Amino acid sequence: MSQPGWPAILSDGPVTLRPYRRSDARAWSEVRRANEQWLGKWEPTPYGTWHDLNSVAAFRAVHADLRRAARHGTAMPFAVCYEGRLVGQLTLGNIVRRAFCSGYAGYWIDSRFAGKGIIPTALALVVDHAFSVGGLHRIEVNIRPDNAASRRVVEKLGFRQEAYHHRYLHIDGDWRDHLGYAMTTEDLAGDDGLLARWHKATTPSA
């Protein structure tokens with residue numbers, strides 16, 4: 001059963017966001033395994049080895065879970081591609097409708113493609129999509145205070161820092177504090193969307 005805003009393919013220049021496919025298994029496994037040192041310290045405490053949890057076989061379970069959540073309307077999971085190559089993931093999850101109309105965004109990227117503006121572009125695409133056809137009013141992002149790269153993404157886009165969550169998630173072997181960032185539709189009033197704002201901020205002045 002389709003849900004508001006899902007499935008969808010979003011793109012801007014060389015950046016494309018799309019639903020995962022079964023055929024992504026090998027590429028996903030290669031990227032994840034190659035980025036253990038880059039990603040491992042920011043992700044939920046593993047219940048097995050990184051190698052096993054990011055295998056081709058593991059992708060099948062991940063893919064099934066993401067598809068199930070998307071069908072139920074509680075997530076919009078996107079494979080992030082750059083020039084056609086799988087380089088990351090951005091998931092809008094924990095979506096709640098009715099009076100809340102909110103979701104939480106989470107993302108990761110291959111370290112070999114970091115610094116190219118891919119994730120800020122991807123997040124801007126998803127925010128605009130979620131606030132329009134997705135029917136959401138608010139998007140939150142929770143980030144560890146010491147994750148400077150991830151914090152730069154939301155701060156560049158103008159997300160508002162709203163909270164400090166003590167011992168919020170069990171990450172890399174311990175309960176970790178997180179900073180809470182958020183954006184609502186009102187924050188983009190008068191703009192043509194977050195992607196347009198991002199392009200304006202990154203376009204050199206004449």
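Helices (H or I, at least four residues) and strands (E, at least two) are DSSP runs, numbered from the N terminus. This is a predicted model, in which local features need pLDDT of at least 70 and side-chain atom pairs count only at pLDDT 80 or more, while totals for chains, interfaces and linings use all residues. Residues are numbered from 1 along each chain as its sequence is written, and side-chain values use heavy atoms, with hydrogens and water left out.

**Start before the sheet.** Select W6 and P7, which are joined by a cis peptide bond with omega of about 0°; P7 belongs to the segment before β1.

**The sheet.** Now display the strands, eight of which make an open sheet with mixed pairing, in the order β1-β2-β3-β4-β5-β6-β8-β7; two strands count as paired if DSSP finds at least two bridges between them. At the edges you will find β1 (10–12) and β7 (160–171), each with a single partner strand, so one side of each has no neighbour in the sheet. On average, neighbouring strands of this sheet are turned by 25° against each other, direction ignored; axes here are lines fitted to C-alpha atoms, for helices over the stretch in contact, and angles run from 0 to 180 degrees between N-to-C directions.

Select residues 76–82, which are strand β3, together with residues 85–96, which are strand β4: the two pair in the antiparallel sense over seven bridges, and F78 stands opposite L90 in β4. Moving on, β4 and β5 also run antiparallel and are joined by seven bridges, with S102 in β5 as the bridge partner of V96. These two strands form a hairpin with five residues between them, and in the turn R98 has a positive phi of about 60°.

Stay with β5, where six of the eight residues are buried, so the strand is largely enclosed by the rest of the structure; buried means under 20% relative accessible area, exposed over 50%, and partly exposed in between (1.4 Å probe, protein chains only). Its pairing with β6 is parallel, over three bridges, and Y104 has E140 in β6 as its bridge partner. To follow the chain from β5 to β6, trace it through helix α5 (residues 118–131), a β-α-β crossover that is right-handed, meaning that, with the strands pointing away from the viewer, the path from the first strand over the helix to the second runs clockwise.

Then go to helix α7 (residues 194–202), whose buried residues are L194, L195 and W198. Seen down the axis of α7, these buried residues fall within an arc of 100°, so they line one face of the helix, the arc being that of the directions from the helix axis to the C-beta atoms. The buried residues of α7 pack against β1, α5, α6 and β8.

**Last stops.** Finish with R167 in strand β7, where phi is near 45°, a positive value in a residue other than glycine; R167 is exposed, with a relative accessible area of 56%. In the loop between β7 and β8 select D172, whose phi is near 50°, again positive in a residue other than glycine, and which is partly exposed, with a relative accessible area of 39%. Most residues other than glycine have a negative phi, and most peptide bonds are trans.

Conventions:
Contact means heavy atoms within 4.5 Å.
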